[in-house]
Amino acid sequence: MTGIRKFKRFMLKAFFTGILVTAVFTGWYVERMIPDHFSIVADQVESFRFPGLISSTLLSESEEVALGNGSDIPADEIKITRDDTFTMYAKNKGSYQLNLKLFGLLPLKNIQVDVVDTQYAIPCGLPVGIYLKSNGIMVIGTGEVAGPDGTVAEPSLGILQSGDYIEAINGTPLNSKEELIEELSSSGGREVVLTVRRSGSEIDVKISPALGADGAYKLGAWVRDDTQGIGTMTYVDPNGHFGALGHGISDSDTGEIVQIEDGSLYETAVMGIEKGSAGKPGVMSGVIYYGPGSSLGTIEANTEEGVFGTVNDRFLNRLEGEPLEIGYKQDVKEGPAVIRSSVSGELKDYDIEIEKVDYSSSKTGKGMVIRVTDQELLSLTGGIVQGMSGSPIIQNGKLVGAVTHVFIQDSTKGYGIFVENMLKH
């Protein structure tokens, strides 16, 4: 009898341990793989699938959002197991909430559902020159100042940090690094107070400039107040607002997204393409034509999801193609699609395969894994090259995303962002 009791206790412990492991894994899976937010089009049935989800219940808090998974009868609560496909429908616009529960009991996640009108945008695929003016003077790093007598000083060491933005000196606002140099020259080496923005907060720091070998007073800091490059325009909406790149522009030295005051789009010409290969991403090189006659629009935001702003009539006159309906993340399926690009000098659609769709909210710019299958594009570029970021991804007649990154070890493959993540800006 003692052996039987021990066995029962063991089986009971194993049972509850299994439930605990299942709950912990499911909680991790839900947090990582199921987004906090979905958008659905009003008066249109949308299909969803949460692969790998273990026996769970989805509950709608509002009568407005109807759920279904196996019958045509709308419900406010459905059960989801494994790879079940379920549907969602709402007639009226608004924001609503769904509750996901494990075994119908343990709360896992609240999901916001936004019911929206059908949206349209023109997929572009055109290269543009990008100029960004930083919001403040960005500190790249600190270093030594060699003095006239051969001595070395490091006035900014331990005071300024890479990624700081200098906004003012002795209370005087700064608009360029040239103004900073002028103010330091007139300081006579006296201690100055710099207003610095660090991690979103303003602080004042005191530094005594060091006299350099050239007779100028210096901070001993590498600084930058602008950046530029070439990227691809993803879309323009009916109001002339654009989204480009699908990822933010980062400083080449600090690796951080450049905080901008404003920026501009300019005409550019692709001059050459270096094909990608294993371990070496390819690159699209070109020249940017600066000047008022070459301006294509203004930039208002540089974010993790891309560069955004408004195009002018000069750019609108260059647009080709008709507006397409916006596809949301649930519309994206594994299978054939195309990317639109003018990397060859001619705007064309190239065949790709969407190999993976990832709803994970933690991977904003990596919602899709794509592979170039078009032989013409493979011959021209080897797949995806730097400068093609922002090329629109079109599937089943809808604009669903944009190219964001290339796999370093395989230039035929890369990541894409869901276009709905770009449209929220």
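Biologist: How are residues numbered, and what pLDDT do side-chain atom pairs need?
Modeller: Residues count from 1 along each chain as its sequence is written, and side-chain values use heavy atoms, leaving out hydrogens and water. The model is predicted: totals for chains, interfaces and linings use all residues, local features need pLDDT of at least 70, and side-chain atom pairs need pLDDT 80 or more.

Biologist: Which residues touch the most other members of the largest nonpolar core?
Modeller: A nonpolar core joins buried Ala, Val, Leu, Ile, Met, Phe, Trp, Tyr and Cys through side-chain atoms within 4.5 Å. Buried means under 20% relative accessible area (1.4 Å probe, protein chains only). A second, separate core has 25 residues, including C124 and V307. In the largest, of 43 residues, the answer is F50, L58, M88 and I393.

Biologist: Which strand gives the most to the lining of the largest pocket?
Modeller: A pocket is an open set of points on a 1 Å grid over the protein atoms alone, with protein on both sides within 12 Å along at least five of seven lines; lining residues have an atom within 4 Å of a point. Strands are DSSP runs of E, at least two residues, numbered from the N terminus. Strands 19, 22, 29 and 31 each supply at least two lining residues. The top contributor, with 5 residues, is strand 19.

Biologist: How many charged residues are in that lining?
Modeller: The lining has 24 residues, with I230, H247, Q386, G387 and S389 nearest the pocket centre. By class, 11 are nonpolar and 13 polar. Asp, Glu, Lys and Arg count as charged. Their number here is none.

Biologist: Which strands stand at the edges of the open sheet of 5 strands?
Modeller: The order is 1-8-7-3-5, with mixed pairing. Two strands pair if DSSP finds at least two bridges between them. Each edge strand has a single partner, so one side is left without a neighbour in the sheet; they are strand 1 (37-41) and strand 5 (77-82).

Biologist: Why is strand 13 largely enclosed?
Modeller: Strand 13 runs antiparallel to strand 10, with 2 bridges, and to strand 15, with 4. It is largely enclosed by the rest of the structure because its buried residues number 5 of the 5.

Biologist: Which residue in the turn between strand 13 and strand 14 has a positive phi?
Modeller: These strands are antiparallel and joined by 2 bridges. I169 stands opposite T172 in strand 14. The hairpin has 2 residues between its strands, and the one with a phi of about 50 degrees is N170.

Technical notes
Buried < 20%, exposed > 50% of the residue type's maximum accessible area, 1.4 Å probe, protein only. 1 Å grid on protein atoms, 1.4 Å probe; cavity = no way out; pocket = protein on both sides within 12 Å on 5 of 7 lines; lining within 4 Å.
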